[in-house]
Amino acid sequence: MSNKKRELILAFESSCDETSVAVIENGNKILSNIIATQIKSHKRFGGVVPEVASRHHIEQVTMCLEDAMIEANVTYDDLSAVAVTYGPGLVGALLVGVACAKVVAFSHNLSLIPVNHMAGHIYAARFTSEIKFPAMALLVSGGHTELVYLPKENVYQIIGETRDDAAGEAYDKVGRVLGLTYPAGKQIDEMAHRGKDTFSFPRAMFKEDNFDFSFSGLKSAFINTVHHADQIGEKLSSDNLAASFQQSVIDVLLHKTEHALNTFQIKQLILAGGVAANQGLRDGLVQLISKHAGVELLKAPLKLCGDNAAMIGAAGYVAWKNGEVADLSLNADPSLEFEWLKGELK
């Protein structure tokens, strides 16, 4: 029988439109991961309405907390610490999770761990396998598209990011033009596999020697193509439109990721974020990584690609082990970012 002490992290995630509470054991075992999604409430608006999201979090968070503790079969006395997303995200939504986490930490004399939401997405991969350093993470979500260098545990440095729309944001805007319901990413991915890249949409920043992304030009080209066809009465294939749009996104993501792989000496490439569930992107990265000997592709489990508290518990555990704790003055930081890589690229 193992003598390893059970270290239990209670984690809260409320940065956008999912209220989630989880209990994580030793940073890599999920005892519970309760998620209350708000997608149905936001569908009619075609996107997330911050005030609506905040009200739902207030209604759901205590029920999620109770369910998480019951499912994990633990008491507050069993817990080691409390982790919470404090940014980036919608400020009103973040404040609900932060307030609840502070109450639990104060009431039960537990350490309070502040977690960057994007670090959570990266550490969702830890439920697949241990992360080996140095590593590179391709973070692709509704609000962020970033390449993040991880020289060692609990250190995150942005080397490139989107100059405008995030990839997931572009998917949702294109989805509205195609008449799809929010969120549109999964539907576009399915349509893309039925269609062909016949429109040859632009691949932005392909020739620039950096690691940054841009998707607003692609979005505009897509919208202009559809509107022009509508004006002249031409019927376009929705599947081909989806395939052409998705191929442009994937080509840019793969191109910039390959540039990073050629520049940095790493052991693992981590795919994380909501768009990490995209099958076209996953397949493309498998092909890309096959050309880079010694680099392993580590993908977050499909069920943990979206926002959830389990990933916050995993990242929080690592932060806690590295001495990162907050006091009760912790506040939401909606614009929280990783630091930019300083000095010469390694």
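**Close-up views of selected side chains**

**View 1. The salt bridge between Glu 130 and Arg 126.** The side chains of Glu 130 and Arg 126 form a salt bridge, with N to O at 3.3 Å. A salt bridge here is a side-chain nitrogen of Lys or Arg within 4 Å of a carboxyl oxygen of Asp or Glu. Glu 130 is partly exposed, its relative accessible area being 41%, whereas Arg 126 counts as buried at 12%. The structure holds twelve salt bridges. This is a predicted model, in which local features need pLDDT of at least 70 and side-chain atom pairs count only at pLDDT 80 or more, while totals for chains, interfaces and linings use all residues. Residues are numbered from 1 along each chain as its sequence is written, and side-chain values use heavy atoms, with hydrogens and water left out.

**View 2. The salt bridge between Lys 219 and Asp 165.** In this pair the N to O distance is 3.1 Å. The bridge links distant parts of the chain, 54 residues apart: Lys 219 lies in helix H7, and Asp 165 in the loop between strand S8 (157–161) and helix H5 (167–177). Helices (H or I, at least four residues) and strands (E, at least two) are DSSP runs, numbered from the N terminus. Lys 219 is buried, with a relative accessible area of 15%, and Asp 165 is buried at 7%.

**View 3. Asp 189, a buried acidic side chain without a salt bridge.** Asp 189 sits in helix H6 (residues 185–192). The nearest side chain of opposite charge is that of Arg 282, 8.2 Å away. For charge, Lys and Arg count as positive and Asp and Glu as negative, and His and the chain ends are not counted. A polar atom of the Asp 189 side chain lies 2.8 Å from the backbone nitrogen of Gln 279. Apart from neighbours within four places in sequence, Asp 189 is in contact (heavy atoms within 4.5 Å) with Gln 246, Ala 277, Asn 278, Gln 279 and Gly 280.

**View 4. The stacked rings of Phe 213 and Phe 215.** By the ring-pair rule the count comes to ten aromatic pairs. Phe 213 and Phe 215 have ring centres 6.3 Å apart and planes at 10 degrees, so the pair is stacked. Rings of Phe, Tyr and Trp (its six-membered ring) pair if their centres lie within 6.5 Å; planes under 30 degrees apart count as stacked, over 60 as edge-to-face and the rest as tilted. Phe 213 is buried at 0% relative accessibility, and Phe 215 is buried at 1%.

**View 5. The edge-to-face rings of Phe 222 and Phe 245.** The ring centres of Phe 222 and Phe 245 are 5.9 Å apart and the planes are at 70 degrees, so the pair is edge-to-face. The pair links distant parts of the chain, with Phe 222 in helix H7 (residues 216–232) and Phe 245 in helix H8 (residues 238–263), 23 residues apart. Phe 222 is buried, with a relative accessible area of 0%, and Phe 245 is buried at 0% relative accessibility. Tyr 171, Phe 199, Phe 201, Phe 222 and Phe 245 form one aromatic cluster.

**View 6. Thr 257 in helix H8.** At 1% relative accessibility, Thr 257 is buried. Leaving aside neighbours within four places in sequence, the residues in contact with Thr 257 are Leu 138, Leu 147, Leu 269, Leu 285 and Leu 288.

View 7. A disulfide is counted where two cysteine sulfur atoms lie within 2.5 Å. The closest cysteine sulfur to that of Cys 16 is in Cys 64, 15 Å away and too far for a bond. Cys 100 is in no disulfide either, the nearest cysteine sulfur being that of Cys 64 at 9.6 Å. Cys 16 is partly exposed, with a relative accessible area of 22%, whereas Cys 100 is buried, at 13%.

Note on methods: Buried means under 20% relative accessible area, exposed over 50%, partly exposed in between (1.4 Å probe, protein chains only). A polar contact is a pair of N or O atoms within 3.5 Å; within protein, one must be able to donate a hydrogen and the other to accept it, and residues adjacent in sequence count only if both atoms are side-chain atoms.
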